[in-house]
Each structure stands twice: as structure tokens, then as C-alpha cells.
Amino acid sequence: MEDQGIVAELETLRAQLKQFEQARLQKKLSVSEPAGVANLQASVTAEESLRDSVEDWLSGLDDLDATQMLERVKDVTGNWFVDINDDLKDVKPATLLLIFGLGVLVGRLTS
């Protein structure tokens, strides 16, 4: 039941986004000069293709459930964590503390 509610909310948000984009396009077309119309249409076409690709990606996520998503994340990150663990086994604890401390110090100085 929650999934249907989320899907319905996503569809509503997509429709609102499309309305906002059309309103913005109409506003830009009414204000722009004739020479700028071609550039505006090219940018709108690029935005539409980007939006379509994002919508395709989101529609692909509708088919996934939480267990499939977790399995995919485990597959991607599993070997990475094993490699990091193997590398950290060979490093002295004092070196790890020093690197962590330097990271904290640099983080404080840059923020």
C-alpha cells in the first residue's frame, strides 16, 4: 500500500514539474528575442532529454524492492571492503591514528 502511495506521489510531482517547466518556457519565450529563441529551444531540448533519462532511471527503481537494492549494494561494495580490510591489517595502529588525526586537523582547518 505504501508503494502505491509513493508511486502516486511521484506521478503527481512529475506532473507538477512538467507544468512548472512549461510555464517557465512560456515566460522565457515571451521575454526572449527572436535570435535567442533557437538557443532557448536547444537548451529546452537538452533539459527534456536529461529529464527523460532521469525519469527512465526512476522508473527502473520502481521495479526494485529493498532486498534487491541491498543485494546490489553488497555486490558493489563487498569486494572493496574486503580489500580495505586486508590493507588495514598490514598497517600499524599508530599510523592509522596519525592519519585519522591529520584528517581531522585538515578538516577543521578547511571548514
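Student: In what order do the elements of the protein chain run from the N terminus on?

Tutor: Helices (H or I, at least four residues) and strands (E, at least two) are DSSP runs, numbered from the N terminus; here the elements run α-α-α-α, with four helices and zero strands. This is a predicted model, in which local features need pLDDT of at least 70 and side-chain atom pairs count only at pLDDT 80 or more, while totals for chains, interfaces and linings use all residues. Residues are numbered from 1 along each chain as its sequence is written, and side-chain values use heavy atoms, leaving out hydrogens and water.

Student: What span should helix H4 have, and how many of its residues are buried?

Tutor: The expected span of a helix is 1.5 Å times one less than its number of residues. For the 18 residues of H4 (residues 93-110) that gives 26 Å, which agrees with the 26 Å between its end C-alpha atoms. Buried means under 20% relative accessible area, exposed over 50%, and partly exposed in between (1.4 Å probe, protein chains only); the number buried in H4 is zero, so this helix lies largely in the open. Across the 111 residues of the protein chain, buried residues make up 4%.

Student: Where is the kink in H3 centred?

Tutor: The bend at a residue is the angle between axes fitted to the seven residues ending there and the seven starting there; in H3 a kink of about 40° is centred on Thr77. The 24 residues of H3 (residues 66-89) should span 34 Å, and the end C-alpha atoms are 33 Å apart, which agrees.

Student: Where does Val91 lie, and is Val91 buried or partly exposed?

Tutor: Val91 lies in the loop between H3 and H4, and Val91 counts as partly exposed because its relative accessibility is 31%.
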